[in-house]
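My notes are below, in the order in which I looked.

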Amino acid sequence: LSDEVDLTDLTEEELAEYEAEKHLLEEYNKAISYDRNDHMLEVAIQYLESGDTVFYAVGLAHLLNNVNGLVDTLREAGYTVELVPYA
């Protein structure tokens, strides 16, 4: 997914409104992508450190971000992560 937004068809008024509200979109994306994954990582580690056998399934949005996605952050934390394809 691209972070770029196509602004070519916006009127000057729409462009000004977009620029004025752009910070809200960035804040929302941070909360949905980064902050939520930070919490999911904490929860996953709690399950893994419980000593129980764990099958931890998450939605696709938690896997998409390579910078802060659960797969990479769990691996960085020293865990072995196996993605199981759905067929």
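The entries go from the whole chain to single residues.

**Entry 1: the model and its elements**

I note at the start that this is a predicted model. I looked up the secondary structure and found three helices and zero strands. Read from the N terminus, the order is α-α-α. H1 covers 12-48, H2 covers 61-64 and H3 covers 70-76.

**Entry 2: overall dimensions**

I looked up the radius of gyration of the chain, which is 18 Å, whereas a compact globule of 87 residues would have one near 12 Å. Along the principal axes, the C-alpha atoms fill a box of roughly 60 × 30 × 20 Å.

I then asked what share of the residues is buried. The figure is 15% of the 87 residues. The accessible surface is about 7,400 Å², and carbon and sulfur atoms hold 53% of that area.

For contacts with a separation of 6 or more, I found that 50% join residues 24 or more positions apart.

**Entry 3: charges**

I looked up the charged groups and found 4 positive and 20 negative charges.

**Entry 4: the nonpolar core**

Which residues make up the largest nonpolar core? I list five: Met40, Leu41, Ala44, Leu70 and Leu74. The biggest share comes from H1, with three residues.

I picked Leu41 from this set and looked up its contacts. Leaving out residues up to four places away in sequence, Leu41 touches Leu70, Thr73 and Leu74.

**Entry 5: Asn37**

I moved to Asn37, which is in helix H1. Is Asn37 buried or exposed? Asn37 counts as buried because its relative accessibility is 2%, and the cut-off for buried is under 20%.

Apart from neighbours within four places in sequence, the contacts of Asn37 are Ala61, His62, Asn68, Gly69 and Leu70.

**Entry 6: Gly69**

Gly69 is on the contact list of Asn37, and I looked it up next. Gly69 sits in the loop between H2 and H3. Its relative accessibility is 1%, so Gly69 counts as buried.

With residues up to four places away set aside, Gly69 touches Asn37 and His62. I also checked Gly69 against Gly59: the two are ten residues apart in sequence, and their C-alpha atoms are 11 Å apart.

**Entry 7: Thr73**

Thr73 is a residue of helix H3. I find it buried, at a relative accessible area of 9%. Beyond residues up to four places away in sequence, Thr73 touches Leu41, Val67 and Asn68. Leu41 is one of the core residues.

**Entry 8: Val67**

Where is Val67? I found Val67 in the loop between H2 and H3. Val67 has a relative accessible area of 59% and is therefore exposed, as the cut-off for exposed is over 50%.

Not counting residues up to four places away in sequence, Val67 touches Tyr34 and Thr73. Val67 and Tyr34 are 33 residues apart in sequence, with 8.8 Å between their C-alpha atoms.

Gly69 is buried, whereas Val67 is exposed. Gly69 touches Asn37, which is in H1. Val67 touches Thr73, which is in H3.

Technical notes: Residues numbered from 1 in each chain as written. Predicted model: local features only at pLDDT ≥ 70, side-chain atom pairs only at ≥ 80, totals over all residues. Heavy atoms only, no water. Helix = DSSP H or I, 4+ residues; strand = E, 2+ residues; numbered from the N terminus. Rg over C-alpha atoms; globule rule 2.2 N^0.38 Å. Buried < 20%, exposed > 50% of the residue type's maximum accessible area, 1.4 Å probe, protein only. Contact = heavy atoms within 4.5 Å. Areas by Shrake-Rupley, 256 points an atom, 1.4 Å probe, with all protein chains shown as cover. Lys, Arg positive; Asp, Glu negative; His and termini not counted. Charge placed at Lys NZ, Arg CZ, Asp CG, Glu CD. Core = buried A, V, L, I, M, F, W, Y, C linked by side-chain atoms within 4.5 Å.
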